[in-house]
Amino acid sequence: MYNDGSTPAAAGSSQQYAQPPVQQPNMVQQAVSSFDGSVLECFCACLVSGLIMGFTLGIATPWAVCYLYKFILTHVCIDGTRLTFDGTGAQLFGNWIKWFLLCIITIGIYGFWVMPKMLNWVAKHTHVMRY
């Protein structure tokens, strides 16, 4: 017996429960996005960036990061439109030093703010290629 005083239908009973009507979603054509870089190109880009960071003991990390973002974003196609990245290591270097010093001063706490700031910087330097 249920709280409202009714009882469930017996097994094998012909009683049917009302089903809500199924609504079809609006048929919207989805955008086709793709990355057209090959495995070898990705490997080489990562290797070059790693070598740049390794041989310079991390001093040239902003240039390596920009190299990777430029590679990734120039190989992304969103709904038939390409992206471009115009950031340079020299532009990022000042921010990189500032963020590094703030992380040292705050004993690493500022590190939680570095990733959003970095992604914001990348977004400011990412553009849609106009034909």
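Cysteine 42 is partly exposed, with a relative accessible area of 26%; here buried means under 20%, exposed over 50% and partly exposed in between, using a 1.4 Å probe and protein chains only. The structure is a predicted model, in which local features need pLDDT of at least 70 and side-chain atom pairs count only at pLDDT 80 or more, while totals for chains, interfaces and linings use all residues. Residues are numbered from 1 along each chain as its sequence is written, and side-chain values use heavy atoms, with hydrogens and water left out.

Let us stay with cysteine 42 for a moment. This residue is found in helix 1; helices (H or I, at least four residues) and strands (E, at least two) are DSSP runs, numbered from the N terminus. Leaving aside neighbours within four places in sequence, cysteine 42 is in contact with Phe35 and Phe71, where contact means heavy atoms within 4.5 Å. Cysteine 42 and phenylalanine 71 are 29 residues apart in sequence, and their C-alpha atoms are 8.3 Å apart in space.

Helix 1 itself covers residues 39-55, 17 residues in total, and reaches 24 Å from its first C-alpha to its last, close to the 24 Å expected at 1.5 Å a residue. That expected span is 1.5 Å times one less than the number of residues. Just after helix 1, leucine 57 takes a positive phi of about 55°.

Now for charge pairing. A search of the whole structure finds 1 salt bridge, meaning a side-chain nitrogen of Lys or Arg within 4 Å of a carboxyl oxygen of Asp or Glu. The partners are arginine 82 and aspartate 36, at 2.3 Å from N to O. Arginine 82 lies in strand 3 (residues 81-85) and aspartate 36 in the loop between strand 1 (33-35) and helix 1, so the pair ties together parts that are 46 residues apart in sequence. Arginine 82 is partly exposed at 22% relative accessible area, and aspartate 36 is partly exposed at 39%.

Threonine 61 sits in helix 2 (residues 61-74) and counts as buried at 10% relative accessibility. A polar atom of its side chain lies 2.7 Å from the backbone oxygen of glycine 58. Beyond its neighbours within four places in sequence, threonine 61 is in contact with Met53 and Trp96.

The largest nonpolar core has 12 residues, among them Val65, Leu83, Trp99 and Met118; such a core is a set of buried Ala, Val, Leu, Ile, Met, Phe, Trp, Tyr and Cys residues joined through side-chain atoms within 4.5 Å. Helix 2, strand 3, helix 3 (89-105) and helix 4 (111-124) are the elements giving two or more residues to this core.

Finally, the rings. The structure holds 5 aromatic pairs: rings of Phe, Tyr and Trp (its six-membered ring) pair if their centres lie within 6.5 Å, and planes under 30 degrees apart count as stacked, over 60 as edge-to-face and the rest as tilted. Two of the pairs are set out here.

| Ring pair | Centre distance | Plane angle and class |
|---|---|---|
| Tryptophan 63 and phenylalanine 93 | 5.5 Å | 40°, tilted |
| Phenylalanine 85 and tryptophan 121 | 5.9 Å | 70°, edge-to-face |

Phenylalanine 85 is in strand 3 and tryptophan 121 in helix 4, 36 residues apart, and both are buried. Ring pairs also link Tyr69, Phe85 and Trp121 into a cluster.

Definitions and conventions
A polar contact is a pair of N or O atoms within 3.5 Å; within protein, one must be able to donate a hydrogen and the other to accept it, and residues adjacent in sequence count only if both atoms are side-chain atoms.
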